[in-house]
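Student: I would like to go through this model and ask what lies behind each label.
Tutor: Good. Ask, and we will set each value against its cut-off.

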Amino acid sequence: MIIVVACIVAVLTVPLTGRSLAPLARLCLHRTWLVWLSLGLQLPITLVTVPNWLGQPLHLITFMLAAAFIVSNWRIPGVPLMALGAGLNLAAIAANRGTMPASSWAWRTAGFPTLVGDFENSNVVHNARLSWLGDVFAIPKGWPLANVFSVGDVIVVIAIGYFAHAWCRRTVAGFDGEIVPTPTLATVD
């Protein structure tokens, strides 16, 4: 949830630079159904208890669906950077059999209870592989949206912010075919 909120905040910084968010309405993404399917598969493994034998492969499948979406939209600004962040997350998850490894410090700082038994998409993994790519950062317990997050998550948020700013600075074709700058909030006629 914290990553979604951070991405929304990153997009909402566009008007702070005097630009409009209106160009985002003209964005044409390819194969968006892959994102919805990925999110649909993420919900059961993050909101309800599922056994490891089901949760681990489903978690990996959601990343594969997201990767296909990213490849389909590769030419959009920020997507290669988003691929880097998602790839780092996937590397940590795949190296740990479908679970994002969280550091004990980050887990305790966020105020999460120790989890054992059923699948968790993020959890303290003892002897984790690529642990430095795992959820090693935390928003402390008691703060809004207390959670753990990874360097890959940070890169994804930066990529979304970059995308929003780059896209909202693009020029658009006018009705007569003329290229005109995208209107800004700072423009006064």
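Predicted model: local features only at pLDDT ≥ 70, side-chain atom pairs only at ≥ 80, totals over all residues.

Student: What share of the chain is buried?
Tutor: Of the 189 residues, 38% are buried. The cut-off for that word is under 20% relative accessible area. As for contacts with a separation of 6 or more, 66% of them are between residues 24 or more positions apart.

Student: How do you know that the span of H6 agrees with its residue count?
Tutor: H6 has 17 residues, and at 1.5 Å a residue they should span 24 Å. The C-alpha atoms at its ends are 24 Å apart, so the two values agree.

Student: What makes H6 mostly covered?
Tutor: Twelve of its 17 residues are buried. Among them are Gly152, Asp153, Ile155, His165 and Trp167.

Student: What covers the buried residues of H6?
Tutor: The cover includes H1, H4, S3 and S4. H1 has buried residues too: Ile2, Cys7, Ala10 and Val11. Their cover includes S3, S4 and H6.

Student: Which residues form the nonpolar patch on the surface?
Tutor: Leu81, Leu84, Phe137, Val154, Ile158 and Tyr162. Together they have about 520 Å² of accessible area. Helix H4 (79–95) and helix H6 (151–167) are the elements that give two or more residues. H6 gives the most, with three.

Student: Why is Leu84 called partly exposed?
Tutor: Leu84 lies in helix H4. Its relative accessibility is 43%. Buried requires under 20% and exposed requires over 50%, with partly exposed in between. So Leu84 counts as partly exposed. A patch residue needs over 30% relative accessible area, and Leu84 is one of the patch residues.

Student: What makes the pair of Trp107 and Phe112 edge-to-face?
Tutor: A pair of aromatic rings is described by the distance of the centres and the angle of the planes. Pairing needs centres within 6.5 Å, and edge-to-face needs planes over 60 degrees apart. For Trp107 and Phe112 the centres are 4.9 Å apart and the planes are at 70°, so the pair is edge-to-face. The structure holds three aromatic pairs, and this is one of them.

Student: Are those two residues, Trp107 and Phe112, buried or partly exposed?
Tutor: Trp107 has a relative accessible area of 6%, so it is buried. Phe112 has 27%, so it is partly exposed.

Student: What stands out in the backbone of Arg31?
Tutor: Arg31 has a positive phi of about 55°, although it is not a glycine. Arg31 sits in the loop between helix H1 (2–12) and helix H2 (32–47). Its relative accessibility is 48%, so Arg31 counts as partly exposed.

Student: What is the phi of Leu145?
Tutor: The value is near 60°, which is positive in a residue other than glycine. Leu145 belongs to the loop between strand S3 (135–139) and strand S4 (147–150). With a relative accessible area of 39%, Leu145 is partly exposed.

Student: How do you know whether Thr99 is buried or exposed?
Tutor: Thr99 is at 8% relative accessibility, so it counts as buried. Its place is in the loop between H4 and strand S1 (100–102). Leaving aside neighbours within four places in sequence, Thr99 is in contact with residues including Gln56, Ala92, Phe119, Asn121 and Val125.

Student: Why is Arg129 called exposed?
Tutor: The cut-off for exposed is over 50%. Arg129 is at 56% relative accessibility, so it counts as exposed. Arg129 is found in the loop between strand S2 (122–124) and S3.

Student: What is Arg129 in contact with, leaving aside its neighbours within four places in sequence?
Tutor: Ala95, Asn96 and Pro101. The C-alpha atoms of Arg129 and Ile93 are separated by 9.1 Å, and these two are 36 residues apart along the chain.

Notes. Residues numbered from 1 in each chain as written. Heavy atoms only, no water. Patch = residues over 30% accessible without salt bridge, like charges linked within 9 Å, V, L, I, M, F, W, Y side chains within 5 Å. Areas by Shrake-Rupley, 256 points an atom, 1.4 Å probe, with all protein chains shown as cover. Salt bridge = Lys/Arg side-chain N within 4 Å of Asp/Glu carboxyl O. Helix = DSSP H or I, 4+ residues; strand = E, 2+ residues; numbered from the N terminus. Buried < 20%, exposed > 50% of the residue type's maximum accessible area, 1.4 Å probe, protein only. Phe/Tyr/Trp six-rings, centres within 6.5 Å; stacked < 30°, edge-to-face > 60°. Expected span 1.5 Å × (residues − 1). Contact = heavy atoms within 4.5 Å.
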